[in-house]
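Work through these exercises with the model open beside you. Try each task before you read its solution.

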Amino acid sequence: MILPDKDIYILGIESSCDETAASVVLNGRKILSNVIASQADFHMQYGGVVPEIASRMHLDSVSQTVAKALSDASMKLDQIDAVAVTYGPGLVGALLVGVNCAKGLCAVSGKPLVAVDHLRGHIAANYLCFEELEPPFLTMLVSGGNTMIVSVKDYCEMEIIGRTLDDAAGEAFDKIARVIGLGYPGGPKMDKEGQGGDISKYSFSVPRTPNKMDFSFSGIKTNALNMINESRMKGTDIELKDFTASYQHHIARYLYDHVALAVAETGVRKLCLAGGVSANSFIRNYFEEHKKEYDLELYYPKLGLCTDNAAMIASCGYYEYINGNRAGLDLNARPSLRF
Ligand code: KG4
């Protein structure tokens, strides 16, 4: 891809789940502003995201969020080159808020509209942290709703070479965290709980899949649930710290083993982690400790850019924009978008 020799400013908008976010990014790499209005505390009382409430809360905050992103970047809408927005996958009502806001901004300003796949956005978070990072590379994308290994051949050309056949890694964290009483969102709470725990005290099953690069998390989750229930029936609660440490270590190793296969098969040694679950310290530590085995060149986004944000959408939108991809003002939300 030939990069332009003039500066390009992209306004990114993200509202696929429970964060309303807007950001201005320069040339796909430099964050000029990054505003996130999180609803997580509100959904916490329900133990998970309530879609209807999420849509209404996005509506309440989207205008101020976009206005703040522009003012934090000291920019006006007419100085922006294009508006990039997440159009899927995600919750339909939530996506519609961001998509319609972006369409409105483009309709009044005449600026081009760029549609961004949320998952490609997660991958682009790495471009914001590593100026030198260029495709080709592999990405292990682990988020609340998806788990996959993606071969990134060029900025806008990607192929999924392994994916989960059932639950996402994030669900394996969130569900078990809820059952053991850690609450929502479970991933970060389990991460904290497991610090200093014994990683080998409990052992879990290793699911097999016909394509060895595919994942399956429902078996690991059920295995963990059965252990918790058996302990409760015997009247002896599991040792929370050791249990969460062992569980997370197991998931980290399971993910790593799949990535190792992908590296061996493709010969690509540059590996990016992406998505909310890639913030997990057990996963990061395991990958760091084992990267020498395959001579991996390892990249992971800063913690704040692993979970949903609009800077990653603006970065991804930049590459779509210079690749000539434009959306019409008839753009619709695609809750089940697959790339
Ligand atoms: O990428 P993300 O913000 O949203 C999606 O696009 O899905 O990911 C949210 C997921 C949740 O399942 C959350 O529990 C998990 O990321 N997560 C973590 C950690 N921080 C967030 N999981 C494990 N350890 C963490 N430190």
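Buried means under 20% relative accessible area, exposed means over 50%, and partly exposed lies in between (1.4 Å probe, protein chains only). This is a predicted model, in which local features need pLDDT of at least 70, side-chain atom pairs count only at pLDDT 80 or more, and totals for chains, interfaces and linings use all residues. Residues are numbered from 1 along each chain as its sequence is written, and side-chain values use heavy atoms, without hydrogens or water.

**Exercise 1. Positive phi**

Task: Find where Asn27 sits, and decide whether Asn27 is buried, partly exposed or exposed.

Solution: 
- Start with the background: most residues other than glycine have a negative phi, and most peptide bonds are trans.
- Asn27 has a positive phi, near 50°.
- Asn27 lies in the loop between β2 (19–26) and β3 (30–38). Helices (H or I, at least four residues) and strands (E, at least two) are DSSP runs, numbered from the N terminus.
- Asn27 has 23% relative accessibility, so it counts as partly exposed.
- Now take Asp295, with a positive phi of about 55°. Asp295 belongs to the loop between α9 and β10 (297–299).
- Asp295 is exposed because its relative accessible area is 57%.

**Exercise 2. The largest core**

Solution: 
- A nonpolar core is a set of buried Ala, Val, Leu, Ile, Met, Phe, Trp, Tyr and Cys residues joined through side-chain atoms within 4.5 Å.
- The largest one has 44 residues. Those with the most contacts inside it include Phe217, Phe243 and Phe287.
- Elements that give two or more residues to this core include β6 (137–142), α7 (218–233), α8 and α9 (281–290).
- The largest share, 11 residues, comes from α8.
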